[in-house]
Amino acid sequence: MANKFFVAASPHIHSPQSTQSLMRDVLIALVPAFSLSLLIYGLDVLRVTAIAVVSCVLVEYLIQRFLFKGANTVKNLSAVLTGVLLAFNLPSDIPWWIIVIGAVVAIGVAKMTFGGLGRNPFNPALVGRVFLLIAYPVQMTSFPKPISPEYVDAFAGATPLAAVKAQAVEVGDVNLLAMLQGVMPGSFGEIGALALLCGGLYMLWRRVITWHIPVAVLGSMAVFAFIVALTQGGGALMYELPAFHLLAGGAMLGAIFMATDYVTSPMTAKGMLIYGVGIGVITMIIRQWGAYPEGMSFAILLMNSVTPLINKYVKPKRFGIMTTK
Amino acid sequence: MKTFPIGGVHPSDNKQWSNTKPIEVLELPDVVNIPLGQHIGAPATAKVAKGDKVLTGQLIAEATGFMSANIHSPISGTVTAVDMQVNGQGMRQMMITIKREGDEWLPEIDRTTEIKRECNLDSAAIIAKIKEAGIVGMGGATFPTHVKLSIPNGCKAEYLIINGVECEPYLTSDHRTMLERGEELLVGVEILKKALGVEKAVIGVENNKPDAIAHLNKLIKQGKYAVTVEPLKVQYPQGGEKQLIAAITGREVPPPPGLPIHVGAVVCNASTTVAVYDAVQKNKPLIERVVTITGKELKQPRNLLTRMGTPISKLVEMAGGLPEGDVKVVNGGPMMGRPMINIDSPVTKGCSGVTVYSGKEAHRVEVESCIKCAKCVSACPMGLEPYLIIRLTQKQMWEQLEAEYITNCIECGCCQYSCPAGLSLLDYVRLGKSTVMGIIRARAAANAAK
Amino acid sequence: MTVLLSTILTLSLLGILAAVILYFVAQKFKVEEDPRIDEVEKMLPGANCGGCGFAGCRAMAEAMVLRDDISALYCPVGGAECMKSMASYLGKVAPEKEPTVATVRCGGTCAKRPRNNTYNGAKSCAVASTVYVGETACAYGCLGYGDCVDACAFDAIHVNPETGIAEVDADKCTACGACVKACPKGIIELRKKWPKNRAIYVSCVSKDKGAVTMKACKAGCIGCGKCAKVCAFGAITVENGLAYIDPQKCKLCRKCVNECPTGAIVLKNMEPLPKEPKAPAAKPAAPAAKPAETAKAAEPAKPAVAEKKESVNEQK
């Protein structure tokens, strides 16, 4: 048989990265944090994650199949990732039906109503989480005590942020090392700053994300906290407060995994920095003066809404065009 | 190590398939087809007719105006046709067909391999000789070299940059040329320096060719040539003219109609420089070149010294024939080469390689929806936003495209290479660019008419 | 209770204040516009297709009202009736234009024009046509990636998956000309629309020489000129190896259809003339070379490229 010639314009080779491989890498990067949560909170973590993933995938499949009548998009793993991230933002003892509602909101409302992957203006997992936070505030903010033996109850079952906000503990008394290791109450995925950082490094090494967003978010939070500490008299607080804020709540999970979501973050390096600083500052404003102890989710969603504007006005450095002229 | 300022990608270069294969002389073809338009600018005008006898190296088509190039017969024999023939892309193009009878060269061409270093010609005479020999950029752009060397009024050349980067993956023809004809290359550099009247000459070589860098440095030391070799970081498109100038001089060429000479640089490909040596010192016109034939499933990838007009199928045959199953044959490298459907089409002046892709490689990856990952933006060496450009192209918003500097695109393919969704970014960018260029030209013509 | 009251009061006051400001601003910046523009816009079909050359129906309506001479304006979607009603409303003279329909002039179906390679770049005719000749050896024919389909606002043109060629639904077509502009090969033409969608046209735009065309496609026009000779109205011209039927001169007599050796002349919604028995006397009318060419057409036409490829494999 004669050879059949195939034709397409250049380039004729393609990088090994695909949507699926990127999503897979993010999932791999979440493994350390997940294992840590299993250790600290037990098998409930597995239950919550499984329910969230299955319901996210199912909702995506059903909508794609029966409403869009389009190709099966489950295999690109984006729904799986949304499920895992949603689960990471939940307490480990949350009832199963709340998880399913969260999944329906995340995929059905925040993602598919806009046309599916790549078109949603807001991070689906965060929309799901914030919806649940507003609809079921009690279930969403009561966290089980870690089953890990090293755990010493310093916060009376509340997250460190909530405890500090309620002035139950002083920032200076908090065991920062325990927070770094993740031995504290909270949504099971957001504890364990060290494990999350490892995931972030893996993603940087695999070129899944660039450094801009995480560094901008965490950096601006640290600077903000530093200034706050300065106004409160300085001293040891000047390094304790920034460290506390970086380790507490959803700072790490948000900065490394949530804010870096491709679809809802800006396209240029400069834009990413602006976006990251915006998230950091809004988070700190909410934490410092807002009604909620934690502001990461709100900050990311707020900055998501600014992303199109940033894309329109922040352009990359063009080759051969002198900006000074 | 120096490199260009923004963007770029790192495809696996796969040069190991052919970079150790010495240049072999391909046996002469029985029939050659010489396209009249194988360079940028106006096609040449045929000077022979059916039935004419020609010698190797004889002028068969003359440059039509300044922006054009002479074409010489690569073999001796009889002209059998001057007619439309099917080219590699299946389009019909005017070609001169010559049937070979022996290999009788024009007597004035010096065919010895002895190095001739002294050149007593002045700048104008050198450029005239280069023009006479029909030399064009052999890296693939096929820009007539004599046009490049003719510095427009008000500009001054400061740097001569020799492009030995060969950033295009797979290809090794420049690499082998630098290794095997290094001495000629260095004499060619001296001739070009004289033609331009510049002091500084730099040979840019990507760092994945340490043997070429060492070899050239050795020759420079031995022969006391006033030229430096600059090892460059391995990053595509390091060999793009604008990228290379930025890497070596730190200056950025402004968008079209900006030219390299506006920042005082003239870039010349390594193989072209050797051709300049041949033309000026040996009276030999551009009738043969080194072509790399390579591909993952080819039995014998090679570097072949090929006469112009040789059917590409002959090279494929030398490499062991096409692999079974689906294939894609590309004239050029994997990032910028043109796909072919007719492999009997001829080797031309700009054909630095023929690459063959088989099986899965012959197909494009599956297209998914854009996830706005920004990889195209960070990969673009020109600081453009490909994701936005293709959206504007599909909506035919030409004014906005112009404002987004689409004309600055060098069509290097970094965006599409890096797109995880497998979008046909470059296809649409190219379409948008050519449309916008057409609009700009029409506007310029309208303004000129006023 | 006082909180509630004060809230209601403040908000009401704010609302009233805003309303007053808005009223004055609206008065001050009021744009005086000819009210007839609105009326004319209502009469237009509202397709906003751009077939008239304006950005939308509103712009067309403005031009209708503001220009004294409207003979250059025409809404292809609304047609003569729409133009007449608008002209009578404005007291102007409506331009006369006979209705036209988009016609795809390519007969190179998958069966008649073999594919010798597979294109898997961006599915766009404009892109593919800049890359190379296309999946067949014909450089002029329909590529079938549907740029015209995307351009059509009326769902009137579709690529038939069996033939690989775009087909026009004459009843839906409004002759806005969007597809004509979208086609990079210039295959689509707006031709006179006959009653019952009857049509006769040369379904080929190949300017290649006869032998080349024949190799690439069994349904191509080879420029033999037989049709031009038989036409009693001088409607058919042959230039650059391509016959063209002038829709203004053609009377649908159908004589040319039977003459065409390749079937490139297409007859739509009409019965063909009964075939005359080929009298030997008819032969001398054609030049001597032509019968040989026709005979070649009967052979299975292989594209040039495919043949060459096979020869490569034999050498292996």
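**Briefing on the structure**

Helices α1(A) and α9(A) are roughly antiparallel to each other, a term that applies to angles over 145 degrees, whereas angles under 35 count as roughly parallel, 65 to 115 as roughly perpendicular and the rest as oblique. The model is predicted, so local features need pLDDT of at least 70 and side-chain atom pairs count only at pLDDT 80 or more, while totals for chains, interfaces and linings use all residues. Residues are numbered from 1 along each chain as its sequence is written, and chains are lettered from A and ligands numbered from 1 in the order in which they are written.

**Helix pairs in chain A**

- Helices (H or I, at least four residues) and strands (E, at least two) are DSSP runs, numbered from the N terminus.
- The axes of α1 (residues 19-41) and α9 (residues 193-205) of chain A come within 8 Å and cross at roughly 165°; axes are lines fitted to C-alpha atoms, for helices over the stretch in contact, and angles run from 0 to 180 degrees between N-to-C directions.
- The crossing of α1(A) past α9(A) is right-handed; a crossing has this hand if the near helix is turned clockwise from the far one by less than a right angle, and is left-handed if anticlockwise.
- Among the residues that make this contact are V26(A), I28(A) and L36(A) of α1(A), together with L196(A), Y202(A) and M203(A) of α9(A); two residues are in contact if their C-beta atoms, placed from the backbone, lie within 7 Å.
- By class, the contact of α1(A) with α9(A) has 12 nonpolar, two polar and one charged residues. Ala, Val, Leu, Ile, Met, Phe, Trp, Tyr, Cys and Pro count as nonpolar, Asp, Glu, Lys and Arg as charged, and the others, Gly among them, as polar.
- In a second pair, helices α2 (residues 44-67) and α3 (residues 78-88) of chain A have axes that come within 8 Å and cross at roughly 145°. The crossing of α2(A) and α3(A) is right-handed.
- Residues in the contact of α2(A) with α3(A) include V48(A), A52(A) and E60(A) of α2(A), and V80(A), V84(A) and L86(A) of α3(A). They divide into 10 nonpolar, three polar and one charged.

- Chain A contains 14 helices and one strand, while chain C contains 12 helices and nine strands.
- A compact globule of 325 residues would have a radius of gyration near 20 Å, and the 21 Å of chain A agrees with this; the radius is taken over C-alpha atoms, and the globule rule is 2.2 Å times the number of residues to the power 0.38.
- The C-alpha trace of chain A spans about 80 × 60 × 30 Å along its principal axes.
- Buried residues make up 55% of the 325 residues in chain A, and 38% of the 316 residues of chain C count as buried. A residue is buried if 20 or more other C-beta atoms lie within 10 Å of its own, exposed if 12 or fewer, and partly exposed in between, with C-beta atoms placed from the backbone.
- Of the contacts with a separation of 6 or more, residues 24 or more positions apart account for 74% in chain A and for 61% in chain C.

**The contact between chains A and B**

- In this contact, 52 residues of chain B meet 33 residues of chain A.
- The elements that give two or more residues to the chain B side are β15 (327-331), α9 (375-379), α12 (414-418) and α13 (425-449) of chain B. Of these, β15(B) gives the most, with four residues.
- The side of chain B that touches chain A has 32 nonpolar, 11 polar and nine charged residues.

**Backbone exceptions**

- Most residues other than glycine have a negative phi, and most peptide bonds are trans.
- The peptide bond from S10(A) to P11(A) is cis, with omega near -5°, and P11(A) lies in the loop between β1 (5-7) and α1 of chain A.
- A cis peptide bond also joins P256(B) and P257(B), with omega about 5°.
- K224(B) is not a glycine, yet its phi is positive, near 50°; K224(B) counts as exposed because it has 6 C-beta neighbours inside 10 Å.
- Y405(B), likewise not a glycine, has a positive phi of about 60°; Y405(B) is buried, with 21 other C-beta atoms within 10 Å.
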